[in-house]
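Trainee: Hi! Could you walk me through this structure? I'd like to start with the strands.

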Amino acid sequence: MAEGKVKVGVIGSQFQAEIHAASFQMMPHEAEVVAIASPTPGNAAALAKRFGIPRVFTDYREMLKERDIEMVTIAAPNSLHAQMAKDIAAAGKHIVCEKPLAMTIAEGEEMISVAKQHGVLLMYGEELFFTPKYLKAKEMADAGAFGKIYLVKQSEKHFGPHSAWFWDVNRSGGGALMDLGCHGIAFCYFFLGRSPIKSVYCQMGTYVHHDKTKAEDDSLCILEFANGAVGLVENSWARRGGMDDRIEVFGEAGVTYANLHMGNALPTFSENGYGYAVEKAPTTKGWTYPVFEELWNYGTPQELAHFSRCARGKETPQATGEDGLVVMQALYAGYASAGEGRKIAMPYQAPPGVKKPIDLWLNGPARRQTAAR
(Lines give C-alpha, C1' and ligand atoms only; values in the text may rest on other atoms or scores of the structure.)
Protein backbone atom coordinates (compact mmCIF):
# COMPACT_ATOMS: atom_id res chain seq x y z
CA MET A 1 0.00 0.00 0.00
CA ALA A 2 1.36 3.39 -1.03
CA GLU A 3 1.94 5.97 1.69
CA GLY A 4 1.62 9.75 1.84
CA LYS A 5 -0.98 11.96 0.26
CA VAL A 6 -2.94 10.73 -2.74
CA LYS A 7 -1.96 12.75 -5.81
CA VAL A 8 -5.11 14.01 -7.54
CA GLY A 9 -5.86 15.44 -10.96
CA VAL A 10 -9.06 17.41 -11.59
CA ILE A 11 -10.84 17.57 -14.95
CA GLY A 12 -12.81 20.82 -15.18
CA SER A 13 -12.22 24.41 -14.16
CA GLN A 14 -15.55 25.94 -13.26
CA PHE A 15 -18.08 25.61 -10.43
CA GLN A 16 -17.71 21.95 -9.41
CA ALA A 17 -13.99 21.82 -10.12
CA GLU A 18 -13.54 24.78 -7.79
CA ILE A 19 -15.51 22.92 -5.11
CA HIS A 20 -13.21 19.92 -5.54
CA ALA A 21 -10.06 22.05 -5.29
CA ALA A 22 -11.34 23.86 -2.19
CA SER A 23 -12.56 20.64 -0.56
CA PHE A 24 -9.23 18.86 -0.94
CA GLN A 25 -7.54 21.82 0.73
CA MET A 26 -9.98 21.55 3.64
CA MET A 27 -8.89 17.92 4.21
CA PRO A 28 -5.19 18.21 3.31
CA HIS A 29 -3.85 15.18 5.18
CA GLU A 30 -5.39 12.63 2.79
CA ALA A 31 -4.77 14.08 -0.67
CA GLU A 32 -3.48 17.00 -2.71
CA VAL A 33 -4.46 18.30 -6.14
CA VAL A 34 -1.32 18.36 -8.28
CA ALA A 35 -2.86 19.00 -11.72
CA ILE A 36 -5.92 20.43 -13.39
CA ALA A 37 -7.11 20.06 -16.97
CA SER A 38 -9.66 22.11 -18.91
CA PRO A 39 -9.97 23.11 -22.58
CA THR A 40 -11.51 26.47 -21.65
CA PRO A 41 -8.85 29.13 -22.34
CA GLY A 42 -7.44 30.61 -19.17
CA ASN A 43 -9.87 28.88 -16.79
CA ALA A 44 -7.58 26.08 -15.68
CA ALA A 45 -4.64 28.43 -15.21
CA ALA A 46 -6.74 30.84 -13.13
CA LEU A 47 -8.06 28.07 -10.89
CA ALA A 48 -4.59 26.58 -10.53
CA LYS A 49 -3.17 29.95 -9.48
CA ARG A 50 -5.93 30.46 -6.93
CA PHE A 51 -5.40 27.09 -5.25
CA GLY A 52 -1.66 26.65 -5.79
CA ILE A 53 -2.02 23.71 -8.20
CA PRO A 54 1.35 23.24 -9.90
CA ARG A 55 0.43 21.65 -13.25
CA VAL A 56 -2.08 22.86 -15.86
CA PHE A 57 -3.27 21.05 -18.99
CA THR A 58 -5.69 21.96 -21.76
CA ASP A 59 -6.13 18.27 -22.69
CA TYR A 60 -7.02 15.89 -19.87
CA ARG A 61 -5.45 12.99 -21.78
CA GLU A 62 -2.08 14.68 -21.44
CA MET A 63 -2.68 15.00 -17.70
CA LEU A 64 -3.36 11.27 -17.52
CA LYS A 65 0.21 10.61 -18.66
CA GLU A 66 1.52 12.04 -15.38
CA ARG A 67 2.71 8.92 -13.57
CA ASP A 68 2.38 10.25 -10.01
CA ILE A 69 -1.33 11.04 -10.35
CA GLU A 70 -3.31 8.26 -8.64
CA MET A 71 -6.89 9.55 -8.68
CA VAL A 72 -8.78 11.82 -11.08
CA THR A 73 -12.04 13.66 -10.40
CA ILE A 74 -14.44 14.40 -13.26
CA ALA A 75 -16.16 17.79 -12.98
CA ALA A 76 -17.18 18.08 -16.62
CA PRO A 77 -20.48 18.06 -18.58
CA ASN A 78 -22.51 14.86 -18.32
CA SER A 79 -21.99 13.97 -21.98
CA LEU A 80 -18.22 13.63 -21.36
CA HIS A 81 -18.33 11.43 -18.24
CA ALA A 82 -18.25 8.03 -19.92
CA GLN A 83 -15.30 8.62 -22.25
CA MET A 84 -13.31 10.40 -19.57
CA ALA A 85 -13.91 7.60 -17.09
CA LYS A 86 -12.79 4.98 -19.61
CA ASP A 87 -9.65 6.96 -20.41
CA ILE A 88 -8.84 7.41 -16.72
CA ALA A 89 -9.32 3.69 -16.07
CA ALA A 90 -7.08 2.80 -19.02
CA ALA A 91 -4.40 5.03 -17.49
CA GLY A 92 -4.60 2.97 -14.29
CA LYS A 93 -5.98 5.75 -12.09
CA HIS A 94 -8.93 5.70 -9.70
CA ILE A 95 -12.01 7.64 -10.78
CA VAL A 96 -14.29 10.03 -8.94
CA CYS A 97 -17.21 10.89 -11.22
CA GLU A 98 -19.59 13.70 -10.39
CA LYS A 99 -23.32 13.05 -10.64
CA PRO A 100 -25.09 11.86 -12.70
CA LEU A 101 -22.90 8.89 -13.56
CA ALA A 102 -23.42 9.15 -17.32
CA MET A 103 -25.87 10.14 -20.06
CA THR A 104 -27.27 6.63 -20.55
CA ILE A 105 -27.62 3.37 -18.67
CA ALA A 106 -25.42 1.65 -21.27
CA GLU A 107 -22.65 4.19 -20.70
CA GLY A 108 -22.85 3.65 -16.95
CA GLU A 109 -22.61 -0.12 -17.36
CA GLU A 110 -19.57 0.28 -19.61
CA MET A 111 -17.87 2.62 -17.12
CA ILE A 112 -18.29 0.05 -14.35
CA SER A 113 -17.02 -2.75 -16.58
CA VAL A 114 -13.93 -0.85 -17.78
CA ALA A 115 -12.99 0.20 -14.24
CA LYS A 116 -13.14 -3.42 -13.10
CA GLN A 117 -11.18 -4.54 -16.15
CA HIS A 118 -8.32 -2.17 -15.25
CA GLY A 119 -8.50 -2.81 -11.51
CA VAL A 120 -9.36 0.74 -10.47
CA LEU A 121 -12.12 2.17 -8.31
CA LEU A 122 -15.07 3.97 -9.86
CA MET A 123 -16.49 6.19 -7.12
CA TYR A 124 -19.71 8.16 -7.50
CA GLY A 125 -19.74 11.78 -6.38
CA GLU A 126 -22.82 11.89 -4.16
CA GLU A 127 -22.15 14.27 -1.29
CA LEU A 128 -25.54 13.69 0.36
CA PHE A 129 -24.11 10.39 1.62
CA PHE A 130 -21.67 12.54 3.64
CA THR A 131 -23.71 15.63 4.58
CA PRO A 132 -23.40 15.91 8.39
CA LYS A 133 -26.98 16.96 9.09
CA TYR A 134 -28.42 14.24 6.87
CA LEU A 135 -26.07 11.61 8.28
CA LYS A 136 -27.34 12.45 11.77
CA ALA A 137 -30.90 11.81 10.58
CA LYS A 138 -29.84 8.43 9.18
CA GLU A 139 -27.98 7.58 12.38
CA MET A 140 -31.15 8.22 14.39
CA ALA A 141 -33.29 6.27 11.95
CA ASP A 142 -30.92 3.29 11.98
CA ALA A 143 -31.03 3.36 15.79
CA GLY A 144 -34.82 2.97 15.67
CA ALA A 145 -35.74 6.52 16.68
CA PHE A 146 -38.62 6.71 14.20
CA GLY A 147 -39.67 3.08 14.07
CA LYS A 148 -40.43 1.69 10.62
CA ILE A 149 -39.82 4.42 8.02
CA TYR A 150 -42.67 4.87 5.57
CA LEU A 151 -41.74 8.13 3.82
CA VAL A 152 -38.50 9.94 3.00
CA LYS A 153 -38.64 13.32 1.25
CA GLN A 154 -35.71 15.14 -0.32
CA SER A 155 -36.05 18.53 -1.97
CA GLU A 156 -33.47 20.60 -3.84
CA LYS A 157 -34.54 23.78 -5.60
CA HIS A 158 -33.00 26.96 -7.01
CA PHE A 159 -33.43 29.26 -10.02
CA GLY A 160 -31.21 27.42 -12.45
CA PRO A 161 -27.74 26.01 -13.01
CA HIS A 162 -24.47 27.88 -12.98
CA SER A 163 -23.07 26.82 -16.37
CA ALA A 164 -24.59 27.19 -19.84
CA TRP A 165 -24.13 23.53 -20.77
CA PHE A 166 -26.81 22.42 -18.27
CA TRP A 167 -29.48 24.10 -20.42
CA ASP A 168 -28.40 22.10 -23.51
CA VAL A 169 -30.12 18.71 -23.33
CA ASN A 170 -27.57 17.22 -25.72
CA ARG A 171 -24.84 17.85 -23.14
CA SER A 172 -26.84 17.36 -19.95
CA GLY A 173 -29.32 14.64 -20.88
CA GLY A 174 -32.15 16.30 -18.96
CA GLY A 175 -33.17 19.17 -16.74
CA ALA A 176 -33.96 19.58 -13.06
CA LEU A 177 -34.59 15.86 -12.49
CA MET A 178 -31.31 14.89 -14.14
CA ASP A 179 -29.34 17.63 -12.40
CA LEU A 180 -30.92 17.62 -8.93
CA GLY A 181 -33.15 14.56 -8.83
CA CYS A 182 -30.11 12.30 -9.04
CA HIS A 183 -29.24 13.58 -5.53
CA GLY A 184 -32.70 12.89 -4.14
CA ILE A 185 -33.00 9.43 -5.69
CA ALA A 186 -29.56 8.47 -4.41
CA PHE A 187 -30.33 9.84 -0.96
CA CYS A 188 -33.64 7.97 -0.54
CA TYR A 189 -32.00 4.77 -1.78
CA PHE A 190 -29.08 5.24 0.64
CA PHE A 191 -31.25 6.28 3.58
CA LEU A 192 -33.48 3.22 3.16
CA GLY A 193 -30.54 0.82 3.23
CA ARG A 194 -30.39 0.40 -0.57
CA SER A 195 -33.75 -1.32 -0.71
CA PRO A 196 -34.51 -1.99 -4.42
CA ILE A 197 -36.69 0.55 -6.22
CA LYS A 198 -39.93 -1.13 -7.35
CA SER A 199 -41.54 1.69 -9.33
CA VAL A 200 -41.17 5.32 -10.35
CA TYR A 201 -43.86 7.93 -11.05
CA CYS A 202 -42.85 11.40 -12.21
CA GLN A 203 -44.50 14.64 -13.28
CA MET A 204 -42.50 17.47 -14.86
CA GLY A 205 -42.81 20.60 -16.92
CA THR A 206 -41.01 23.66 -18.26
CA TYR A 207 -42.69 26.56 -16.47
CA VAL A 208 -40.19 29.43 -16.35
CA HIS A 209 -37.16 28.86 -18.58
CA HIS A 210 -38.77 28.21 -22.00
CA ASP A 211 -36.32 30.65 -23.57
CA LYS A 212 -33.27 28.75 -22.33
CA THR A 213 -33.99 25.06 -22.58
CA LYS A 214 -36.16 22.22 -23.83
CA ALA A 215 -35.61 20.54 -20.47
CA GLU A 216 -37.94 20.43 -17.49
CA ASP A 217 -37.35 23.14 -14.89
CA ASP A 218 -39.55 21.55 -12.21
CA SER A 219 -40.25 17.93 -11.34
CA LEU A 220 -41.96 15.71 -8.76
CA CYS A 221 -40.82 12.10 -8.47
CA ILE A 222 -42.34 9.29 -6.36
CA LEU A 223 -40.29 6.16 -5.71
CA GLU A 224 -41.74 2.96 -4.26
CA PHE A 225 -39.19 0.74 -2.50
CA ALA A 226 -39.25 -3.01 -1.93
CA ASN A 227 -39.26 -2.51 1.86
CA GLY A 228 -42.60 -0.69 1.65
CA ALA A 229 -41.30 2.85 2.06
CA VAL A 230 -41.92 5.71 -0.36
CA GLY A 231 -39.46 8.36 -1.50
CA LEU A 232 -40.68 11.78 -2.64
CA VAL A 233 -38.12 13.81 -4.58
CA GLU A 234 -38.91 17.45 -5.45
CA ASN A 235 -36.65 19.45 -7.74
CA SER A 236 -36.74 22.84 -9.39
CA TRP A 237 -34.75 25.24 -11.51
CA ALA A 238 -37.66 27.69 -11.15
CA ARG A 239 -37.46 28.57 -7.44
CA ARG A 240 -36.30 32.13 -6.83
CA GLY A 241 -34.19 33.16 -3.84
CA GLY A 242 -31.19 30.86 -4.00
CA MET A 243 -30.62 27.27 -2.98
CA ASP A 244 -33.11 25.32 -0.87
CA ASP A 245 -32.10 21.79 0.20
CA ARG A 246 -33.96 19.78 2.85
CA ILE A 247 -35.12 16.34 3.94
CA GLU A 248 -38.08 15.03 5.92
CA VAL A 249 -38.25 11.53 7.41
CA PHE A 250 -41.50 9.98 8.65
CA GLY A 251 -41.81 6.74 10.61
CA GLU A 252 -44.44 4.97 12.67
CA ALA A 253 -42.79 6.25 15.87
CA GLY A 254 -41.43 9.66 14.94
CA VAL A 255 -40.33 12.27 12.45
CA THR A 256 -37.32 14.49 11.74
CA TYR A 257 -36.77 17.52 9.53
CA ALA A 258 -33.41 18.80 8.29
CA ASN A 259 -32.92 22.00 6.31
CA LEU A 260 -29.39 22.02 4.96
CA HIS A 261 -29.04 25.79 4.98
CA MET A 262 -31.35 27.35 7.54
CA GLY A 263 -29.67 25.79 10.56
CA ASN A 264 -26.31 26.95 9.25
CA ALA A 265 -27.25 30.46 8.19
CA LEU A 266 -27.32 33.96 9.65
CA PRO A 267 -30.67 35.72 9.06
CA THR A 268 -29.50 39.03 7.59
CA PHE A 269 -31.06 42.21 6.24
CA SER A 270 -29.02 44.58 4.09
CA GLU A 271 -30.11 47.56 2.00
CA ASN A 272 -26.70 47.74 0.33
CA GLY A 273 -25.99 44.08 -0.32
CA TYR A 274 -22.68 42.30 0.26
CA GLY A 275 -20.44 39.66 -1.30
CA TYR A 276 -21.71 36.07 -1.10
CA ALA A 277 -24.67 34.55 0.73
CA VAL A 278 -25.24 31.01 -0.47
CA GLU A 279 -24.99 28.98 -3.67
CA LYS A 280 -27.31 30.24 -6.44
CA ALA A 281 -28.52 33.29 -4.47
CA PRO A 282 -28.94 36.03 -7.12
CA THR A 283 -28.80 39.04 -4.74
CA THR A 284 -27.73 39.94 -1.23
CA LYS A 285 -30.05 42.93 -0.82
CA GLY A 286 -33.01 42.69 1.55
CA TRP A 287 -33.43 39.57 3.68
CA THR A 288 -30.86 36.87 2.96
CA TYR A 289 -29.41 33.89 4.78
CA PRO A 290 -25.62 33.78 4.37
CA VAL A 291 -24.16 30.40 5.30
CA PHE A 292 -20.89 29.50 6.99
CA GLU A 293 -18.67 26.47 6.36
CA GLU A 294 -20.80 25.81 3.27
CA LEU A 295 -18.73 23.04 1.67
CA TRP A 296 -18.34 21.22 4.99
CA ASN A 297 -22.10 21.35 5.57
CA TYR A 298 -22.64 19.92 2.08
CA GLY A 299 -20.25 17.06 2.85
CA THR A 300 -17.96 17.38 -0.17
CA PRO A 301 -14.62 17.59 1.73
CA GLN A 302 -15.58 14.52 3.78
CA GLU A 303 -16.62 12.70 0.59
CA LEU A 304 -13.35 13.40 -1.23
CA ALA A 305 -11.26 12.55 1.84
CA HIS A 306 -13.11 9.23 2.04
CA PHE A 307 -12.47 8.55 -1.64
CA SER A 308 -8.79 9.33 -1.11
CA ARG A 309 -8.63 6.78 1.71
CA CYS A 310 -10.35 4.30 -0.60
CA ALA A 311 -7.60 4.87 -3.18
CA ARG A 312 -5.10 3.83 -0.49
CA GLY A 313 -7.13 0.73 0.38
CA LYS A 314 -7.90 2.08 3.85
CA GLU A 315 -11.70 2.20 3.36
CA THR A 316 -14.36 0.69 1.13
CA PRO A 317 -16.21 3.15 -1.14
CA GLN A 318 -19.58 4.22 0.24
CA ALA A 319 -20.73 5.63 -3.11
CA THR A 320 -19.88 3.49 -6.13
CA GLY A 321 -20.52 3.28 -9.83
CA GLU A 322 -23.18 0.70 -9.04
CA ASP A 323 -25.00 3.28 -6.90
CA GLY A 324 -24.80 5.73 -9.77
CA LEU A 325 -26.23 3.11 -12.13
CA VAL A 326 -29.25 2.56 -9.85
CA VAL A 327 -29.84 6.31 -10.01
CA MET A 328 -29.50 6.30 -13.82
CA GLN A 329 -32.11 3.55 -14.11
CA ALA A 330 -34.50 5.51 -11.87
CA LEU A 331 -33.89 8.70 -13.87
CA TYR A 332 -34.77 6.88 -17.08
CA ALA A 333 -37.94 5.52 -15.48
CA GLY A 334 -38.80 9.01 -14.24
CA TYR A 335 -38.57 10.58 -17.68
CA ALA A 336 -40.50 7.66 -19.18
CA SER A 337 -43.19 8.08 -16.50
CA ALA A 338 -43.60 11.79 -17.25
CA GLY A 339 -43.66 11.06 -20.98
CA GLU A 340 -46.22 8.28 -20.73
CA GLY A 341 -48.28 9.68 -17.86
CA ARG A 342 -48.14 6.51 -15.79
CA LYS A 343 -46.17 4.70 -13.10
CA ILE A 344 -43.18 2.76 -14.45
CA ALA A 345 -42.16 -0.58 -12.96
CA MET A 346 -38.52 -1.19 -12.20
CA PRO A 347 -36.15 -2.36 -13.52
CA TYR A 348 -36.86 -0.25 -16.59
CA GLN A 349 -35.44 -0.98 -20.03
CA ALA A 350 -35.36 2.00 -22.39
CA PRO A 351 -36.53 1.45 -25.97
CA PRO A 352 -33.76 1.08 -28.59
CA GLY A 353 -32.41 4.31 -30.01
CA VAL A 354 -32.97 6.50 -26.94
CA LYS A 355 -29.82 8.64 -26.71
CA LYS A 356 -30.63 10.63 -23.58
CA PRO A 357 -33.17 10.31 -20.76
CA ILE A 358 -35.11 13.47 -21.55
CA ASP A 359 -36.10 12.10 -24.97
CA LEU A 360 -38.44 9.72 -23.12
CA TRP A 361 -40.34 12.80 -21.88
CA LEU A 362 -40.05 15.06 -24.92
CA ASN A 363 -41.24 12.33 -27.29
CA GLY A 364 -43.69 10.58 -24.96
CA PRO A 365 -47.43 10.37 -25.72
CA ALA A 366 -48.47 12.29 -22.60
CA ARG A 367 -46.09 15.13 -23.49
CA ARG A 368 -47.35 15.24 -27.10
CA GLN A 369 -50.96 15.42 -25.93
CA THR A 370 -50.12 18.30 -23.56
CA ALA A 371 -48.28 20.17 -26.34
CA ALA A 372 -51.22 19.67 -28.71
CA ARG A 373 -53.59 21.36 -26.26
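Trainee: What order do the seven strands of the open sheet come in?
Mentor: This is a predicted model, and in it the seven strands are ordered E12-E11-E7-E10-E9-E8-E15, with mixed pairing.

Trainee: Which strands stand at the edges?
Mentor: Those are E12 and strand E15 (344-345). Each has a single partner strand, so one side of each is left without a neighbour in the sheet.

Trainee: And how do strands hold on to each other in general?
Mentor: Strands of a sheet pair through backbone hydrogen bonds, in a parallel or an antiparallel way.

Trainee: Found it. What about E9 and E10, parallel or antiparallel?
Mentor: Antiparallel: strand E9 (residues 218-225) and strand E10 (residues 230-236) pair over seven bridges. One to click on is Cys221, whose bridge partner in E10 is Val233.

Trainee: Which strands of this sheet does helix H6 touch?
Mentor: Helix H6 (residues 132-142) packs on the sheet and touches strand E7 (149-157), E11 and E12. The direction of H6 makes about 170° with that of E12.
Trainee: And which ones does H8 touch?
Mentor: H8 also packs on the sheet, where it touches E7, strand E8 (197-205), E9, E10 and E11. The direction of H8 makes about 155° with that of E10.

Trainee: Let's switch to the sheet with six strands. What is the order there, and what is the pairing?
Mentor: The order is E3-E2-E1-E4-E5-E6, in an open sheet with parallel pairing. Strand E3 (55-57) and strand E6 (122-125) are at the edges; each has a single partner strand, so one side of each lacks a neighbour in the sheet. From one strand to the next, the twist averages 25°.

Trainee: Which strands does helix H2 lie across?
Mentor: Helix H2 (residues 43-51) lies across strand E2 (31-37) and E3, and H2 runs at about 165° to E3.

Trainee: Now helices against helices. What should I look at to describe a packed pair?
Mentor: Two packed helices are described by the angle between their axes and by the distance between those axes.
Trainee: What are those values for H1 and H10?
Mentor: H1 and helix H10 (residues 300-311) pack at an angle of about 75°, and their axes are 8 Å apart. That makes H1 roughly perpendicular to H10. On the H1 side the contact is made by Ile19, His20, Ser23, Phe24 and Met26, and on the H10 side by Thr300, Pro301, Leu304 and Ser308. By class, this contact has five nonpolar, four polar and no charged residues.

Trainee: And at what angle do H5 and H11 cross?
Mentor: The axes of helix H5 (residues 105-117) and helix H11 (residues 321-340) cross at roughly 170° and come within 9 Å. That makes H5 roughly antiparallel to H11. Residues that meet here include Ile105 and Ile112 in H5, and Leu325 and Met328 in H11. The contact of H5 with H11 divides into five nonpolar, three polar and three charged residues.

Conventions: Residues are numbered from 1 along each chain as its sequence is written. This is a predicted model: local features need pLDDT of at least 70, side-chain atom pairs count only at pLDDT 80 or more; totals for chains, interfaces and linings use all residues. Side-chain values use heavy atoms; hydrogens and water are left out. Axes are lines fitted to C-alpha atoms, for helices over the stretch in contact, and angles run from 0 to 180 degrees between N-to-C directions. Helices (H or I, at least four residues) and strands (E, at least two) are DSSP runs, numbered from the N terminus. Angles under 35 degrees count as roughly parallel, over 145 as roughly antiparallel, 65 to 115 as roughly perpendicular and the rest as oblique. Contact means heavy atoms within 4.5 Å. Ala, Val, Leu, Ile, Met, Phe, Trp, Tyr, Cys and Pro count as nonpolar, Asp, Glu, Lys and Arg as charged, and the others, Gly among them, as polar. Two strands pair if DSSP finds at least two bridges between them.
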